[in-house]
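Okay, everyone, thanks for coming.

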Amino acid sequence: MSQITKFILLLLVLTGMVSCQSQPVIKPQTEMEKLEQQFFNDLWNLSPTWAASLGKKEFEGKLRIPDAQSIQDEKAFIGKYMGLFAKINVAGLSESELVDYKLIKNYLESTIWQIDVFKAYQWNPSTYNVGEAFAPIVESKYADEESRHKNLLSLLEKTPAYYAAAFEQLNTPTKEHLHLAIEQNQGTIRYLQNSVKPLLHKSSDQKFQSIYDGAETAIKNYVAKLQDLKAILSKSNGFRSFRIGSKLYKEKFALNLQINATPEEMYTFAKKEKIKTLQEMTKYAKILWSKYFPKTPFLKNNKQAIKKLLYKISEHHADPSTFIEKVREQLPQLRAFVKEKNLLDLDPTKVLTVRETPAYQQGFSTASVDAPGPFDPDRPTYYNVTPLDKMSKERAKSFLREYNNYTMQILNIHEGIPGHYVQLVYSMKSPSLVKKIFGNGTMIEGWAVYSERMMLENGYGNNSPELWLMYYKWYLRVVCNTILDYELHNKNLSQKNALKLLMDDAFQEKTEAEMKWERATYSQVQLASYFSGFSQIYQFRENLKKAQGEKFNLKEFNEHFLSYGSAPIRDIIDLMMVKKK
Ligand code: ZN
């Protein structure tokens, strides 16, 4: 997995955790299981930061230097396992094993594509960031401070070589990724100062000061070199474009989303859904109008009427100092509703901890769930929320209007209950390690978006028209993310027209729209995964409902769907249909 994919996955939630039930009978390993084990052993040696982030403690303190040799090693690894997996007798695999097989094959194909075709390691300097290597050590519980100290020092010692090799790899970066890399690595400096350094002070080893200083200087140098490069390229306008073009977009879409639809099909569908969603919003606006504007007749222009109403309703919001607290307060209410309506079973022993997004991860999304890896199921699941205290007053106000008291509930459903956090708890219980490690982002995001609709359909919020109207605004955002992403990379969409799409057609606040534009220039196809995932899950459920009639049971559907870990949606559908036969 490339660094950038890893980075995005880390931010957007990751794979689940491990089921640690001991197995009373040890059955002989199948050929597939043996090969999987060998594959993972080699993979972890090649990607120690990833291994440590999944909870493999023995890899904490190891850091891969991203030089030319490391790329050759990765290519050799891929070549070796493409050959070995090709020898597996696919006909002899169980349905679930077959999905695992396909996931590993997809991983190998994606990685070689990243190295030989996409080459983000050359043009995306934010690929390089040691923050994620430190995080597992800072966050895990250590029995003795000395081991933690040893691992931290080991990483700090390798940091200068890491950044020297990183800079060597760069070749015509994009302006946008230079900007992101500067911001994020500055965040990493703060992270070292605030979270790593205090842990060293407790130690008896006095060598740490010079090693620590060397690491901090290395990151500062990297940032300074990026700033210089940005200035030089600005003069000659020599940046690479952040737009990847139709060919790469199509290839990345197929490798990442793993759904039975092309980018064009999802784009066309999203455009239709945009019109339909506007009709739904008009319906709710008409219901609400007289309550908020008793003296004014409904405006002739539907969009303007919706906009006016949304503006009015958005006034109900938290303030910057209470935002995180409000998020925290709401989770028990969501839990109670899911239980009351019998939507799915929740595990009361798994805790969700709300916190400010750590500095080295800030700048990509508003909120995210950071789950423990399969090898460290006891680490808490974090609900990261962007802190508002560093924003300007105006920007914070705009942010809070967007995440008002209504949309905040949808956000909490999406990130928390029964969205990402619940999906990950189920994923933890699924027996397949492969499906946990190669979690499919489209399934993960699709489920979270599906869970919003499912909660409201079951009467969450007492069917309040305000909540429905805000929900559809939120949903419209998901729909427009697909349109934005597609048009940005395939149709040369300008910033001006992108902001017009987000603000005029999707009723977003200016801050939200500007942040989305920024994010859209950093990533490719990821923004399309939400709507693609949602629509595939929703259509499947509706078809099943029709086919089963009275027999359809929502709780059964939800739990069955979640039981296969974070596998691609098309594979989950296949597996569910096999069970039904
Ligand atoms: Zn999400």
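This is a predicted model: local features need pLDDT of at least 70, side-chain atom pairs count only at pLDDT 80 or more; totals for chains, interfaces and linings use all residues.

Two of them come from distant parts of the chain: His-420 sits in helix H17 (residues 420–429) and Glu-445 in helix H19 (residues 441–457), 25 residues apart. When I say helix, I mean a DSSP run of H or I with at least four residues, numbered from the N terminus.

Residues are numbered from 1 along each chain as its sequence is written, and side-chain values use heavy atoms, leaving out hydrogens and water.

Are His-420 and Glu-445 buried or exposed? Buried means under 20% relative accessible area, exposed means over 50%, and partly exposed is in between, using a 1.4 Å probe and protein chains only. His-420 has a relative accessible area of 1%, so it is buried. Glu-445 is at 3%, so that one counts as buried too.

Most residues other than glycine have a negative phi, and most peptide bonds are trans. But Ile-417 and Pro-418 are joined by a cis peptide bond, with omega about 0°. You'll find Pro-418 in the loop between helix H16 (407–415) and H17.

There are positive phi values as well. Lys-119 isn't a glycine, yet its phi is about 55°. Look for Lys-119 in the loop between helix H5 (95–118) and helix H6 (120–123); its relative accessible area is 30%, so it is partly exposed. Thr-172 also has a positive phi, near 50°, and lies in the loop between helix H8 (145–169) and H9. At 36% relative accessibility, Thr-172 counts as partly exposed.

Now, helix pairs. Axes are lines fitted to C-alpha atoms, for helices over the stretch in contact, and angles run from 0 to 180 degrees between N-to-C directions. H9 (residues 175–201) and H10 (residues 208–236) have axes that come within 10 Å and cross at roughly 170°. That is why we call H9 roughly antiparallel to H10. For H21 (residues 495–505) and H22 (residues 510–522), the axes come within 9 Å and cross at roughly 130°, so H21 is oblique to H22. The cut-offs: under 35 degrees is roughly parallel, over 145 roughly antiparallel, 65 to 115 roughly perpendicular, and the rest oblique.

Staying in H21, that helix contains Leu-502. Leu-502 has 0% relative accessibility, so it counts as buried. Its C-alpha is 9.3 Å from that of Leu-476, 26 residues apart along the chain.

And last, Val-138, in helix H7 (residues 131–139). With a relative accessible area of 19%, Val-138 is buried. From Val-138 to Gln-508 is 370 residues in sequence, and 37 Å in space, C-alpha to C-alpha.

Key
Helices (H or I, at least four residues) and strands (E, at least two) are DSSP runs, numbered from the N terminus.
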